[in-house]
Amino acid sequence: MEHEIQSKHKLIKPRKKTTSNNRLIMVVVAAIIVIYLVVKAVSMLFSYDTEPAVHVEVNDSFTATGWFFRSEKPVEGSTNGSVKHIVYSGERVQKDSALAVVYSDEQSLAISREIEPLENRLELLDNVLENSGTASDGVNTDQMITLTIQQMAAQAKEGSGTSLASSAESLRTLSLQNASDSIDTMDIQLERDTLAAEISSLEQQISGQTTELTAPVTGYFSEIVDGYENVLTMAELETLTIARFHELIQSPEQVDTSQTIGKMIEGFTWYLAAEVPAEQAQRLSEGQSLRVNFTQATIETPVTVYAIIQEHNSDTALLILEGTEFSSEMVSMRSQAVEIIIATYSGLKVPKSAVRMLETTDSTGKTVQQTGVYILSGGVQKAKIINPLYETEDYYVVEQSATNANMLVEQDQIIVRGRNLQNNMVVN
């Protein structure tokens, strides 16, 4: 029995020692945590985060969905046969100009396509014969060829099919003219007469098999007919309300595409109607100059405010914008997501977290408070005045001065986080 008690005492002693060690470890860990927090606090007190002042351009704008109202006339005519377009979407044409030729069948269209290159060749040969007796300036002709190629590149980028075709013919003419001194004119005349006879024979085969469709008005041609041509009209703008606007955009007419090849947009002016928040409409006035960015097409164009229609206690208003600039993409648009740009501000970007009130001395020696920031320059804190031009949620766009040394300049290292900030204070 005595032996058992002694054995128990021997077991209890190690447990006391373990408890004592655990307490020591906890004290050491707690001390380490306290030391870490103190070091962290001191570090935060004397550390700085900076951000360079960069140049930005920011739009004061809002987004909406715009609907085009224009004077549009469908180009009517049966297209049950085979159609060959002469003019393409986005091109401006005069009244009664040919837009397309409708052939009675595919065979007639195929013959027409045979005639076209022959006529081009015939015209080139006539030009060569006309210039064969005149000594040409080879250097000048080479320069004209180069300029024509550059012009064709620009026309291809703009999507101007008719202009591109015309330039291509001019290029062929110049090329033959450049080589006219080494060409036998008798051979050219013989080829020319053979071509003329072949063209005449082909034209007789399709005589009476074609119908020419012409432009009913002067304007821009579009191949797209969407049913709004007689719905979103200029006349509707005069008495438009928000309710009527909703009704119109939901009620396009049914279009029989077999009876039209497209439409003409008459005149130079178009209108864009958009339902916008009332608070945005209240910032605008009739006649005000704005810009519209068609975000899906990356097209930006100047506009003016034509009208603002706002009903009593309504959360929205109808904004009508007037524009005159056209592009090949715009003529086929109807409903588009747009950014309506009131103004664009250019300056330096300053995070709001960096802005502070600075005490400065004016020309009379009086201490005044001005908005500014602190920058870090060569290990020294410097106070810089800022003049905010525009405010976003997170930052200001401020004026950039090239002459005032007290104002912020590009690439200044703005202190966005730091404590104990003072002008001309050396940072260790």
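Trainee: What should I know about the model before reading off values?

Mentor: This is a predicted model, where local features need pLDDT of at least 70 and side-chain atom pairs count only at pLDDT 80 or more, while totals for chains, interfaces and linings use all residues. Residues are numbered from 1 along each chain as its sequence is written, and side-chain values use heavy atoms, with hydrogens and water left out.

Trainee: How many helices and strands are there in the protein?

Mentor: Eight helices and 20 strands. Helices (H or I, at least four residues) and strands (E, at least two) are DSSP runs, numbered from the N terminus.

Trainee: And what share of the residues is buried?

Mentor: Of the 428 residues, 36% are buried. Buried means under 20% relative accessible area, exposed over 50%, and partly exposed in between, with a 1.4 Å probe and protein chains only.

Trainee: Switching to rings. How many aromatic pairs are there?

Mentor: Rings of Phe, Tyr and Trp (its six-membered ring) pair if their centres lie within 6.5 Å; planes under 30 degrees apart count as stacked, over 60 as edge-to-face and the rest as tilted. By this rule the count is seven aromatic pairs. One of them is F68 with F294, stacked at 5.8 Å centre to centre with 15° between the planes.

Trainee: Which parts does that pair tie together?

Mentor: F68 is in strand β2 (residues 55–69) and F294 in strand β11 (residues 289–294), so the pair links parts 226 residues apart in sequence.

Trainee: Is F68 buried or exposed?

Mentor: F68 is buried, at a relative accessible area of 0%. F294 is also buried, at 0% relative accessibility. F68, W270 and F294 form one aromatic cluster.

Trainee: Which charged end sits over the ring of F68?

Mentor: That of R70, 4.6 Å from the ring centre. A charge sits over a ring if NZ of Lys or CZ of Arg is within 6 Å of the ring centre and within 35 degrees of the ring normal. The charged end of K349 sits over the ring of Y395, 4.8 Å from its centre.

Trainee: Now the loop. Where does M407 lie?

Mentor: M407 is in the loop between β19 (395–398) and β20 (413–417). M407 is buried, with a relative accessible area of 10%.

Trainee: What does M407 touch?

Mentor: Leaving out residues up to four places away in sequence, M407 touches K384, I385, N387, E399 and S401. Contact means heavy atoms within 4.5 Å. The C-alpha atoms of M407 and A383 are separated by 8.7 Å, and these residues are 24 apart along the chain.

Trainee: Last topic: in what order do the three strands of the open sheet run?

Mentor: The order is β4-β6-β7, with antiparallel pairing. Two strands pair if DSSP finds at least two bridges between them.

Trainee: Which strands stand at the edges?

Mentor: β4 (82–85) and β7 (210–214), each with a single partner strand, so one side of each has no neighbour in the sheet.

Trainee: Over how many bridges do β4 and β6 pair?

Mentor: Four bridges, in the antiparallel sense, with β6 covering residues 98–103. V83 stands opposite V102 in β6.
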